[in-house]
Amino acid sequence: MKFAKEQLAVYFIAGSQNVGGDVDKLIQIVEDACKNGITMFQYREKDKSTLTDAEKLQVAIQLKEITTKYNVPYIIDDDIDLMKEINADGIHVGQDDTKIERVIAECPNKIIGLSTHTLDEVRAANNVDSLDYIGIGPIFATQSKLKVKPAIGIDELNRLYQESTHPAVAIGGIKEDNAKAVLTTNVDGVSVISDIIDSSDIQQTINRLKGNA
Ligand code: 3NM
(Lines give C-alpha, C1' and ligand atoms only; values in the text may rest on other atoms or scores of the structure.)
Protein backbone atom coordinates (compact mmCIF):
# COMPACT_ATOMS: atom_id res chain seq x y z
CA MET A 1 0.00 0.00 0.00
CA LYS A 2 1.45 3.36 -0.97
CA PHE A 3 1.63 5.94 1.80
CA ALA A 4 -0.30 9.23 1.79
CA LYS A 5 0.07 11.63 4.72
CA GLU A 6 -3.73 11.90 5.02
CA GLN A 7 -3.59 8.35 6.40
CA LEU A 8 -2.08 9.80 9.61
CA ALA A 9 -5.30 11.70 10.49
CA VAL A 10 -6.45 9.26 13.20
CA TYR A 11 -3.83 6.60 13.77
CA PHE A 12 -5.02 4.00 16.29
CA ILE A 13 -2.48 1.81 18.11
CA ALA A 14 -3.35 -1.22 20.23
CA GLY A 15 -2.16 -4.55 21.58
CA SER A 16 -3.43 -7.10 24.08
CA GLN A 17 -1.66 -5.28 26.94
CA ASN A 18 -4.01 -2.32 26.42
CA VAL A 19 -7.15 -4.44 27.03
CA GLY A 20 -5.97 -6.51 30.03
CA GLY A 21 -4.93 -9.41 27.79
CA ASP A 22 -8.46 -9.88 26.40
CA VAL A 23 -7.74 -10.69 22.75
CA ASP A 24 -11.41 -10.93 21.75
CA LYS A 25 -11.98 -7.44 23.12
CA LEU A 26 -8.96 -6.17 21.19
CA ILE A 27 -10.29 -7.57 17.93
CA GLN A 28 -13.76 -6.14 18.56
CA ILE A 29 -12.40 -2.66 19.30
CA VAL A 30 -10.16 -2.67 16.23
CA GLU A 31 -13.14 -3.66 14.08
CA ASP A 32 -15.29 -0.87 15.61
CA ALA A 33 -12.48 1.62 15.08
CA CYS A 34 -11.97 0.59 11.44
CA LYS A 35 -15.71 0.76 10.81
CA ASN A 36 -15.89 4.26 12.28
CA GLY A 37 -13.12 5.98 10.38
CA ILE A 38 -9.62 5.46 11.75
CA THR A 39 -7.15 6.11 8.94
CA MET A 40 -4.31 3.84 10.08
CA PHE A 41 -3.82 1.01 12.57
CA GLN A 42 -0.73 -0.27 14.36
CA TYR A 43 -0.58 -3.61 16.13
CA ARG A 44 1.76 -2.97 19.06
CA GLU A 45 2.32 -6.02 21.25
CA LYS A 46 4.72 -4.66 23.88
CA ASP A 47 5.30 -3.52 27.44
CA LYS A 48 3.26 -5.86 29.68
CA SER A 49 2.15 -8.15 26.86
CA THR A 50 1.97 -11.82 27.85
CA LEU A 51 1.23 -13.34 24.43
CA THR A 52 3.51 -16.05 23.05
CA ASP A 53 4.88 -15.60 19.53
CA ALA A 54 2.31 -18.10 18.23
CA GLU A 55 -0.57 -16.21 19.88
CA LYS A 56 0.76 -12.92 18.58
CA LEU A 57 0.83 -14.35 15.06
CA GLN A 58 -2.78 -15.54 15.35
CA VAL A 59 -3.94 -12.12 16.57
CA ALA A 60 -1.92 -10.38 13.86
CA ILE A 61 -3.60 -12.52 11.20
CA GLN A 62 -7.10 -11.75 12.52
CA LEU A 63 -6.30 -8.03 12.63
CA LYS A 64 -5.04 -8.25 9.05
CA GLU A 65 -8.42 -9.61 7.93
CA ILE A 66 -10.23 -6.73 9.63
CA THR A 67 -7.96 -3.95 8.37
CA THR A 68 -8.07 -5.39 4.86
CA LYS A 69 -11.88 -5.53 4.97
CA TYR A 70 -12.08 -1.82 5.86
CA ASN A 71 -9.09 -0.80 3.73
CA VAL A 72 -7.19 0.63 6.71
CA PRO A 73 -3.37 0.61 6.37
CA TYR A 74 -1.94 -1.96 8.79
CA ILE A 75 1.38 -1.31 10.53
CA ILE A 76 3.32 -3.70 12.79
CA ASP A 77 5.33 -2.34 15.71
CA ASP A 78 9.02 -3.35 15.67
CA ASP A 79 8.76 -6.91 14.34
CA ILE A 80 10.19 -7.31 10.84
CA ASP A 81 9.59 -11.08 10.77
CA LEU A 82 5.90 -10.74 11.70
CA MET A 83 5.41 -7.88 9.27
CA LYS A 84 6.83 -10.03 6.47
CA GLU A 85 4.98 -13.17 7.52
CA ILE A 86 1.55 -11.55 7.36
CA ASN A 87 2.50 -9.11 4.60
CA ALA A 88 1.34 -6.05 6.55
CA ASP A 89 1.45 -2.61 4.94
CA GLY A 90 4.27 -1.27 7.06
CA ILE A 91 6.41 -1.20 10.16
CA HIS A 92 7.01 1.30 12.96
CA VAL A 93 10.07 1.47 15.21
CA GLY A 94 11.17 3.57 18.17
CA GLN A 95 14.62 4.96 18.89
CA ASP A 96 15.58 1.91 21.00
CA ASP A 97 14.07 -0.70 18.66
CA THR A 98 15.40 -2.34 15.51
CA LYS A 99 17.68 0.20 13.80
CA ILE A 100 15.88 2.23 11.15
CA GLU A 101 18.59 1.49 8.54
CA ARG A 102 17.94 -2.25 8.92
CA VAL A 103 14.17 -1.74 8.70
CA ILE A 104 14.60 0.22 5.48
CA ALA A 105 16.95 -2.37 4.00
CA GLU A 106 14.68 -5.29 4.87
CA CYS A 107 11.28 -3.75 4.16
CA PRO A 108 11.26 -2.31 0.65
CA ASN A 109 7.89 -1.00 -0.56
CA LYS A 110 6.50 -0.85 2.97
CA ILE A 111 5.25 2.13 4.98
CA ILE A 112 8.03 2.97 7.48
CA GLY A 113 7.59 5.07 10.61
CA LEU A 114 9.95 6.18 13.38
CA SER A 115 9.22 7.65 16.84
CA THR A 116 11.00 10.88 17.78
CA HIS A 117 11.02 12.89 21.00
CA THR A 118 13.60 15.66 20.55
CA LEU A 119 14.83 18.18 18.00
CA ASP A 120 17.99 16.12 17.47
CA GLU A 121 15.95 13.01 16.73
CA VAL A 122 13.75 14.92 14.28
CA ARG A 123 16.84 16.28 12.52
CA ALA A 124 18.38 12.80 12.35
CA ALA A 125 15.10 11.48 10.90
CA ASN A 126 15.24 14.23 8.24
CA ASN A 127 18.41 12.54 6.94
CA VAL A 128 16.62 9.22 6.44
CA ASP A 129 15.12 9.46 2.96
CA SER A 130 13.01 6.31 2.92
CA LEU A 131 11.07 7.23 6.03
CA ASP A 132 7.36 7.83 5.36
CA TYR A 133 6.42 9.52 8.63
CA ILE A 134 7.62 10.26 12.16
CA GLY A 135 5.78 10.14 15.48
CA ILE A 136 6.36 13.12 17.78
CA GLY A 137 5.67 12.70 21.48
CA PRO A 138 4.67 12.30 24.14
CA ILE A 139 2.66 15.51 23.89
CA PHE A 140 0.91 14.96 27.23
CA ALA A 141 1.39 12.51 30.11
CA THR A 142 0.33 8.95 29.30
CA GLN A 143 -0.12 5.67 31.17
CA SER A 144 -0.19 3.58 27.98
CA LYS A 145 3.53 3.10 27.49
CA LEU A 146 6.29 1.91 29.81
CA LYS A 147 9.55 3.87 29.84
CA VAL A 148 7.79 6.90 28.38
CA LYS A 149 9.68 10.18 28.04
CA PRO A 150 8.52 13.45 29.72
CA ALA A 151 5.62 15.23 28.02
CA ILE A 152 6.76 17.94 25.58
CA GLY A 153 3.54 19.99 25.21
CA ILE A 154 2.02 21.71 22.22
CA ASP A 155 4.62 24.50 21.75
CA GLU A 156 7.43 21.96 21.52
CA LEU A 157 5.35 19.82 19.16
CA ASN A 158 5.00 22.90 16.99
CA ARG A 159 8.77 23.46 16.99
CA LEU A 160 9.57 19.83 16.20
CA TYR A 161 6.92 19.57 13.49
CA GLN A 162 8.18 22.77 11.83
CA GLU A 163 11.65 21.22 11.72
CA SER A 164 10.50 17.92 10.22
CA THR A 165 10.78 17.29 6.50
CA HIS A 166 8.62 14.17 6.92
CA PRO A 167 4.89 14.01 7.61
CA ALA A 168 4.29 13.64 11.34
CA VAL A 169 1.73 12.31 13.77
CA ALA A 170 1.46 13.57 17.37
CA ILE A 171 1.21 10.98 20.15
CA GLY A 172 0.88 10.66 23.90
CA GLY A 173 -2.11 11.59 26.07
CA ILE A 174 -4.15 12.85 23.13
CA LYS A 175 -7.88 12.76 23.79
CA GLU A 176 -11.00 13.92 22.03
CA ASP A 177 -11.06 17.05 24.22
CA ASN A 178 -7.47 18.17 23.47
CA ALA A 179 -7.13 17.03 19.84
CA LYS A 180 -8.24 20.39 18.44
CA ALA A 181 -5.45 22.17 20.30
CA VAL A 182 -2.91 19.61 19.02
CA LEU A 183 -4.16 20.08 15.46
CA THR A 184 -3.56 23.88 15.63
CA THR A 185 0.10 22.98 14.96
CA ASN A 186 -1.01 21.62 11.54
CA VAL A 187 0.54 18.26 12.41
CA ASP A 188 -0.72 15.63 9.95
CA GLY A 189 -2.64 13.62 12.52
CA VAL A 190 -3.04 12.27 16.02
CA SER A 191 -2.17 8.81 17.27
CA VAL A 192 -3.96 7.33 20.26
CA ILE A 193 -4.28 4.19 22.31
CA SER A 194 -6.48 4.78 25.37
CA ASP A 195 -8.89 7.39 24.01
CA ILE A 196 -10.32 4.87 21.54
CA ILE A 197 -9.97 1.82 23.80
CA ASP A 198 -11.82 3.52 26.67
CA SER A 199 -14.43 5.20 24.46
CA SER A 200 -18.12 4.55 24.99
CA ASP A 201 -18.90 6.06 21.57
CA ILE A 202 -16.08 5.26 19.13
CA GLN A 203 -17.73 7.07 16.22
CA GLN A 204 -17.92 10.33 18.17
CA THR A 205 -14.41 9.88 19.58
CA ILE A 206 -12.88 9.42 16.13
CA ASN A 207 -14.83 12.36 14.78
CA ARG A 208 -13.51 14.58 17.56
CA LEU A 209 -9.96 13.29 17.12
CA LYS A 210 -10.23 14.55 13.54
CA GLY A 211 -10.90 18.01 14.99
CA ASN A 212 -14.61 17.96 14.19
CA ALA A 213 -17.50 18.74 16.51
N1 3NM B 1 4.40 6.15 22.05
P2 3NM B 1 -2.21 7.09 24.76
S3 3NM B 1 3.42 7.74 23.74
C4 3NM B 1 2.89 4.20 22.07
O5 3NM B 1 5.89 9.27 22.93
C6 3NM B 1 3.28 5.54 22.53
O7 3NM B 1 6.47 7.87 21.37
C8 3NM B 1 4.60 7.35 22.61
O9 3NM B 1 -1.02 6.14 24.30
C10 3NM B 1 5.74 8.22 22.30
O11 3NM B 1 -2.89 7.56 23.53
C12 3NM B 1 2.61 6.30 23.48
O13 3NM B 1 -3.13 6.18 25.57
C14 3NM B 1 1.35 5.92 24.19
O15 3NM B 1 -1.63 8.18 25.60
C16 3NM B 1 0.12 6.60 23.63
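This is a predicted model: local features need pLDDT of at least 70, side-chain atom pairs count only at pLDDT 80 or more; totals for chains, interfaces and linings use all residues.
Trainee: Okay, where does strand S7 sit in the chain, and are its faces covered or open?
Mentor: S7 spans residues 168–171, and both of its faces are covered. Ala168 and Ala170 are buried on one side, while Val169 and Ile171 are buried on the other.

Trainee: Which way does S6 run next to S7, parallel or antiparallel?
Mentor: Parallel. S6 covers residues 133–136, and three bridges join it to S7. Look for Ile136, which stands opposite Ala170 in S7.

Trainee: And what about S8, how many bridges does that pairing have?
Mentor: Three bridges, with S7 and S8 (residues 189–192) paired in the parallel sense. Here Val169 faces Gly189 in S8.

Trainee: What kind of unit do S6, H6 and S7 make?
Mentor: A right-handed β-α-β unit, with helix H6 taking up residues 153–163.

Trainee: Back to Ala170. What is it in contact with, leaving aside neighbours within four places in sequence?
Mentor: Quite a list: Ile136, Gly137, Ile139, Leu157, Val182, Val187, Val190 and Ser191. Ala170 also belongs to the largest nonpolar core, which has 57 residues. Along with Phe12, Ala170 has the most contacts inside that core.

Trainee: Switching topic: how many residues surround the ligand?
Mentor: There are 18, and the closest are Gly137, Thr142, Ser144, Ile193 and Ser194.

Trainee: Now helix H2. Is Val59 buried or partly exposed, and why?
Mentor: Val59 counts as partly exposed because 19 other C-beta atoms lie within 10 Å, and buried would take 20 or more. Val59 lies in H2, which runs over residues 53–69.

Trainee: What does Val59 touch, not counting residues up to four places away?
Mentor: Ser16, Val23 and Leu51. There's also Leu26, 33 residues apart from Val59 along the chain, with their C-alpha atoms separated by 9.1 Å.

Trainee: How far apart are Lys56 and Ser200?
Mentor: They are 27 Å apart in space, C-alpha to C-alpha, and 144 residues apart in sequence.

Methods: Residues are numbered from 1 along each chain as its sequence is written. A residue is near a molecule or strand if its C-beta atom, placed from the backbone, lies within 6 Å of it. A nonpolar core is a set of buried Ala, Val, Leu, Ile, Met, Phe, Trp, Tyr and Cys residues joined through C-beta atoms within 7 Å. A residue is buried if 20 or more other C-beta atoms lie within 10 Å of its own, exposed if 12 or fewer, and partly exposed in between; C-beta atoms are placed from the backbone. Two residues are in contact if their C-beta atoms, placed from the backbone, lie within 7 Å. Helices (H or I, at least four residues) and strands (E, at least two) are DSSP runs, numbered from the N terminus. Two strands pair if DSSP finds at least two bridges between them. A crossover is right-handed if, with the strands pointing away from the viewer, the path from the first strand over the helix to the second runs clockwise.
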